[in-house]
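Hello,

Here is the structure I promised to pass on. Have a look at it first, and my notes follow below.

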Amino acid sequence: MTNLLKKLNPAQKKAVLHNSGPALVLAGAGSGKTTVLTHRAAYLILEKKVDPSSILLVTFTNKAAGEMKERIEMLAGSAVPFAGTFHSLCAKILRRDGFQIGLDQNYVIYDSDDQLSLIKQIYKDHQFDLKKFKPSQVKNSISAAKNDLLMPNEYQELTLGEYQNFVAKVYWLYQRALTQAQAVDFDDLLNKTVQLLRTKPEVTAKYQQQFEHVLVDEYQDTNKAQYQLSQILSMPQNNLYVVGDFSQSIYAWRGADYRNMLQLKTDYPKIKEYRLEQNYRSTQTILDAATQIISHNTTHPILKLWTNIEAANQIICLDNQTGELEAAKVVNFIKSQKGSVPLKEMAILYRTNAQSRLFEEALIRQGIPYRLVGGTKFYERKEIKDALAYIRIIVNPTDTVSYARATKLGKRRLAKLEKWRDENGNQDWTLANPQQLLKKALDLTDYRALYSEQVEEERQRLENLVELEAMAGQFEKVTQFLENVALLQDNYYVDINNPIGGNDNAVQLMSLHSAKGLEFSIVFMVGMEDGLLPHSHSMLNQDDIEEERRLCYVGITRAKQLLFFSYARTRYQYGSHTSSVPSRFLHDISGELLHYDSESANLDQNSKPQSEVRRLVMDDEFLDDVLSGEIDLEVFMDR
């Protein structure tokens, strides 16, 4: 026991040595929650003599479950057989006992693509209008209903308005089709297990007797079904031991509800609460900034993080005139640190995936390897390739590859595009304005209608298209634009002495959502502007603003040694410069923690980065000189 506890701090020891009954461990970022969970399991095995097979350990990824199993085995000398996600646990239970609620033991699991295909088939069979209510939006609404444990008839009783009535109809048809196919979706894995445990007492008793202790990680990310599962399986002993952090609940759009941790106190009035506030990751400056921002949330408890780490560099704020200069400044700093900090220890974090484009291009031009985490490189994204295929067809009707891609997107869409091109056949398309041509192609094909603003993943695709339009607006001719895209895709701009690829030591680019659970020596939180963080879709609702603030908190607490905030005063969107204001979250941080650097990026003038060229091209006076012939743009570019 002495060996087991010797590396734990006093708060961690208290949490690990919890006697029995329900416990809530509020674990701040970098406070060692995994250490507490694994040591708790080892303590139960070694000191309390609990059979390892009587411990249920639930995490939110199979990778995390695997790592915890290994650590428990190292600590206790025994493996915990039941460690995994809620979904994997439920899949096992349903394989064994699902037949008792009419589910075939050989049931199949439909993934997200399968679900969408089934809903589209329902639309086709019943002649539903694809444009009126998008299948992807309906799929998300059905998933939200299932997260709240609402069956089709229960959902129907709560409907308000035409859209919800339509969802109720599709939900009923969808669930019937799943039953006929002996299939379940991911939400059904949870819901049907809850149904089984609610209606079959003998099955419930079997699992309750088996699991003497239930340990759950990341409890702030549970939905209603997962909350009920953890409750049912921990009865009657109520040895429910959960770890979570209100301030790191950032997946409301996936059904996560941090209020489940508040509900625990109602359902278990005698629950013991432990707080882990000592941080082992970041400097006190970084922790103070995170605390000052998250303290403005009023709907949940806030932990006050502290550390013994002495280094306390100020957080650097990079004030930039444009998005291009923001990317240039960040990447030039990365370049200056390459020798002292491994590239993989530096991360660029952003609110929307569309923001990656400028940073990808800047890294490519400097020959700095990068890795896009949890996403696809900008020019490899489906919507970007689709949009480029349309304008390539206009410029070059013999482009068979683009034709094949456009045909798959819909023959009617392609026919409209071809008809317009033929009607305007006397033009030299190579001289066309790329931004106007791109916008026209997207309008003619009604391509944007494939995606819904109400679906998070699809809204990101629409944002990527806006970013592509902004990029197109920085070129005079469509051929220049397409050539630049091709060269970027082919890494043409990479310094031959510093090639990209085949290197695990790469700068990490990712969204703030993808950054959760990770840590880096140096973090750049970019696009710190109202409209980006907090996102424009979240600025009118207090709950949404609090979620954005939690997202900001997660980003800040990824940094170990150095943290940068950066923002642009203007961004090029929809064919013009749009003014931006620094994020309201920056105003929550006291001035002594911040150092503002508004000087221009130290650009390598020998290579004349494209971002600087674009900045000049977007300058009205420079553009007038080009149009009047006083400046030869091609000569300038060559120089």
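Helices (H or I, at least four residues) and strands (E, at least two) are DSSP runs, numbered from the N terminus. By that count the protein has 26 helices and 16 strands. Please keep in mind that this is a predicted model, where local features need pLDDT of at least 70, side-chain atom pairs count only at pLDDT 80 or more, and totals for chains, interfaces and linings use all residues. Residues are numbered from 1 along each chain as its sequence is written, and side-chain values use heavy atoms, with hydrogens and water left out.

Of the 639 residues, 56% are buried, meaning under 20% relative accessible area with a 1.4 Å probe, protein chains only.

Beyond its neighbours within four places in sequence, Leu563 is in contact (heavy atoms within 4.5 Å) with residues including Ile286, Met525 and Ile556.

The axes (lines fitted to C-alpha atoms over the stretch in contact, with angles from 0 to 180 degrees between N-to-C directions) of H14 (residues 284-294) and H23 (residues 542-556) come within 9 Å and cross at roughly 175 degrees. That makes the two helices roughly antiparallel, a term for angles over 145 degrees. Ile286, Ala290, Ile293 and Ile294 in H14 meet H23 residues, among them Tyr553 and Ile556.

Best wishes

Technical notes: Buried means under 20% relative accessible area, exposed over 50%, partly exposed in between (1.4 Å probe, protein chains only). Angles under 35 degrees count as roughly parallel, over 145 as roughly antiparallel, 65 to 115 as roughly perpendicular and the rest as oblique.
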